[in-house]
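Walk me through this structure, from its surface to its cores and then to the bonds that cross-link it. Keep it brisk.

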Amino acid sequence: MTALKKGFTLIELLMVMAIIAVIATFFITYSTGGTKKARDAKRESDIKQYQNSLEIYAAKNNTLYPSRTSGVGVQASVTTCQDLTLTSCPEDPINGSNSNYMYRYQSDGTGNGTVTGTRYVLWAQFEGQTGYWVVCSNGKTGIMASVTVSTGTCPLP
C-alpha cells in the first residue's frame, strides 16, 4: 500500500498567496476613500466647533467677533484660537503635511485682532470631494467649488 503524504504542494501555497494579495490590494484601494471621507467629516465638525466658539465669544462682546481681514483668511487654529482663548484648538487632520489643508477665518472690522467684526466666514478644503466646506455668521453652510471671501461677506448664495 502507498502511504498518504500530508501537507500542501508549492502550487497550492502560491495560489493561496495570490488570492490573499488580490484581496489585500482590493481592501487597500477602497479603504482610502473612506479615510478621506472620515477626515472631511472631522473638518465639518471642527468648523462647527469654531462657529460655536465664535458665537459664545460674540455673546460676551456685544455681538462682535474678532476682526481678521486677511484676503485669504487667517489660519483659524492659530490666530482665531488665540482670540477666542481656547485651551484646545481643532486643526485639520493632515495640516502640516500639506499647507492647503487648514481651517481659515475671515471677518470684517477695523484692524486685525480687535473686537469690531460684525460678520465672519469659516472654511476648510475638502479632501474626499472637490470643494470647500463654508460656514457663515448668518447661519448659512454649504460646499463651494472655490472660496473668494471679501471682508467677511458670506460667499454662499
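Where is the place of leucine 10? Leucine 10 sits in helix 1, which covers residues 10-60. The model is a predicted one. Is leucine 10 buried or exposed? Its relative accessibility is 60%, so leucine 10 counts as exposed. Leu10 also belongs to a nonpolar surface patch. Ile11, Leu14, Met15 and Met17 make up the rest of that patch, which spans about 560 Å².

Now go inside. In soluble globular proteins, nonpolar side chains tend to be buried together. Here the largest nonpolar core holds 17 residues. Ile47, Leu54, Tyr105 and Leu122 have the most contacts inside this core. Three elements each supply at least two of its residues: helix 1, strand 3 (120-125) and strand 4 (132-136). Helix 1 gives the most, with 5 residues. Take isoleucine 47 and set aside its neighbours within four places in sequence. Isoleucine 47 is then in contact with Tyr103, Leu122, Trp123, Ala124, Trp133 and Val135. A second core is separate and has 9 residues, including Cys136, Met144, Cys154 and Leu156.

Cysteine 136 lies in strand 4, and cysteine 154 lies in the segment after strand 5 (141-144), so the pair ties together parts that are 18 residues apart in sequence. Both cysteine 136 and cysteine 154 are buried.

Cysteine 81 and cysteine 89 form a disulfide too, and their sulfur atoms are 1.4 Å apart. The torsion about the S-S bond of cysteine 81 and cysteine 89 is about -65°, so this disulfide is left-handed. Cysteine 81 has a relative accessible area of 3% and is therefore buried. Cysteine 89, at 27% relative accessibility, counts as partly exposed. Counting bonded cysteines along the chain, the disulfide pattern is 1-2, 3-4.

Charged side chains come next. How many salt bridges are there? The count comes to 7 salt bridges. Arginine 39 and glutamate 127 meet in one of them, at 2.6 Å from N to O. This pair links distant parts of the chain, 88 residues apart. Arginine 39 is in helix 1, while glutamate 127 is in the loop between strand 3 and strand 4. Arginine 39 has a relative accessible area of 22%, so arginine 39 is partly exposed. Glutamate 127 has 18%, so glutamate 127 is buried.

Aspartate 40 pairs with arginine 43, their closest N and O atoms being 2.8 Å apart. Being 3 residues apart in helix 1, aspartate 40 and arginine 43 are separated by about one helical turn. Both aspartate 40 and arginine 43 are buried. The salt bridges also link up: Arg39, Asp40, Arg43, Asp92 and Glu127 form a network.

Finally, look at arginine 68 and aspartate 83. Their salt bridge has its closest N and O atoms 2.9 Å apart. Arginine 68 lies in the loop between helix 1 and strand 1 (74-75), and aspartate 83 lies in helix 2 (residues 76-83), so the pair ties together parts that are 15 residues apart in sequence. Arginine 68 and aspartate 83 are both buried.

Methods: Residues numbered from 1 in each chain as written. Predicted model: local features only at pLDDT ≥ 70, side-chain atom pairs only at ≥ 80, totals over all residues. Heavy atoms only, no water. Patch = residues over 30% accessible without salt bridge, like charges linked within 9 Å, V, L, I, M, F, W, Y side chains within 5 Å. Areas by Shrake-Rupley, 256 points an atom, 1.4 Å probe, with all protein chains shown as cover. Salt bridge = Lys/Arg side-chain N within 4 Å of Asp/Glu carboxyl O. Helix = DSSP H or I, 4+ residues; strand = E, 2+ residues; numbered from the N terminus. Buried < 20%, exposed > 50% of the residue type's maximum accessible area, 1.4 Å probe, protein only. Core = buried A, V, L, I, M, F, W, Y, C linked by side-chain atoms within 4.5 Å. Contact = heavy atoms within 4.5 Å. Disulfide = S-S within 2.5 Å.
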